[in-house]
Amino acid sequence: MIVPFLCFPSALSDLSEQIKAATKDNHVRAENTQLMLSYQKGEITLVQYKVLLCSLYEIYRALEDELDRNASHPAVAPIYFPQELARVESLERDLEHFFGSEWRKRVIVPAATLRYGHRLRQIGRENPELLVAHAYTRYLGDLSGGQVLGKITQKSLGLSSKEGLSFFHFPGVSSPNRFKQLYRSRMNSIELTEKEKAAVLEEAVQAFELNIQVFDDLQKMLSVATETADQHKDRSPAAVLPSSPIVQFTVGLCVALATIGVGMYAL
């Protein structure tokens with residue numbers, strides 16, 4: 001249940017507005033990556049969505065582990081809403097839906113995703129106030145554009161309102177707009193020195209850059225996998241592995257993992 005909130009006037013002195021201004025260009029770049037452009041056009045495929053879920057799981061697992069561990073930190077406590085915002089369990093349900101009960105053995109995580117997770121765990125240990133930047137950019141993005149992407153995913157993949165789409169649903173948030181106002185007001189109330197505030201702004205920019213790297217890595221991985229699968233398909237029957245699309249994609253994916261430094265991560 002969401003607690004009542006006070007509506008503060010928007011001003012550039014507010015931390016949330018400063019982050020929005022500082023990351024404006026990065027936000028545009030993230031939206032214009034090849035993967036996101038395909039998504040926005042309704043051209044997302046099941047394979048793209050599944051590998052995206054794998055990366056999101058690794059990112060949110062790191063973020064929420066560190067938020068939980070630093071829940072009492074002065075900078076984290078005001079924006080700590082695990083019941084309303086936590087995504088890990090939702091992502092686990094989606095991954096189980098698509099990969100089955102043994103999904104932990106089948107999750108594929110690109111190198112850029114591992115770097116993102118490492119950064120979250122590093123600042124959680126050393127500079128917990130910087131988690132504010134990542135929580136803001138991720139969760140408020142989920143409550144904004146993420147809702148649109150959820151509808152696109154459902155339509156593009158022909159999914160029901162429940163199966164495979166748990167990530168986009170926030171049962172603990174009755175009104176996304178009101179909750180975002182509450183979140184921003186809590187965030188703007190955090191007391192930071194000028195040096196800490198500058199570091200948070202810089203980290204917010206870094207958060208978008210990490211996301212862009214993840215999107216690019218996923219797209220490269222999928223492109224190499226598809227190209228390699230096609231090459232195997234074109235070979236003579238004697239030289240070709242079984243023609244199942246799943247086998248073909250797996251072959252391509254293995255090459256993609258080696259080509260762009262992607263790691264297989266057993267969770």
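This is a short exchange about how terms are applied to one predicted model.

Modeller: Residues are numbered from 1 along each chain as its sequence is written, and side-chain values use heavy atoms, with hydrogens and water left out. As the model is predicted, local features need pLDDT of at least 70 and side-chain atom pairs count only at pLDDT 80 or more, while totals for chains, interfaces and linings use all residues.

Biologist: What makes Arg-29 and Glu-209 a salt bridge?

Modeller: The term asks for a side-chain nitrogen of Lys or Arg within 4 Å of a carboxyl oxygen of Asp or Glu. Here the N to O distance is 2.4 Å. That is within 4 Å, so the pair qualifies. The pair links distant parts of the chain, 180 residues apart. Arg-29 is in helix 2 (residues 24-31) and Glu-209 in helix 11 (residues 194-234). Helices here are DSSP runs of H or I, at least four residues, numbered from the N terminus.

Biologist: Why is Arg-29 called partly exposed?

Modeller: Buried means under 20% relative accessible area, exposed over 50%, and partly exposed in between (1.4 Å probe, protein chains only). Arg-29 has 42%, so it falls in between.

Biologist: Why is Lys-105 called exposed?

Modeller: Its relative accessible area is 65%. That is over 50%, so Lys-105 counts as exposed. Lys-105 forms a salt bridge with Glu-102, at 3.2 Å between the closest N and O atoms. Glu-102 has 44%, so it is partly exposed.

Biologist: How do you know that Asp-65 and Arg-121 tie parts of the chain together?

Modeller: Their side chains meet in a salt bridge at 3.2 Å, N to O. Asp-65 lies in helix 4 and Arg-121 in helix 7 (residues 111-126), so the pair joins parts 56 residues apart in sequence.

Biologist: What makes a set of residues a nonpolar core?

Modeller: The residues must be buried Ala, Val, Leu, Ile, Met, Phe, Trp, Tyr or Cys, joined through side-chain atoms within 4.5 Å. The largest such core has 68 residues. Tyr-39 and Tyr-183 have the most contacts inside it. Helix 4 (residues 46-69) gives the most to this core, twelve residues.

Biologist: What does Tyr-183 touch?

Modeller: Contact means heavy atoms within 4.5 Å. Leaving out residues up to four places away in sequence, Tyr-183 touches several residues, including Ile-79, Phe-81, Tyr-136 and Leu-140.

Notes
Helix = DSSP H or I, 4+ residues; strand = E, 2+ residues; numbered from the N terminus.
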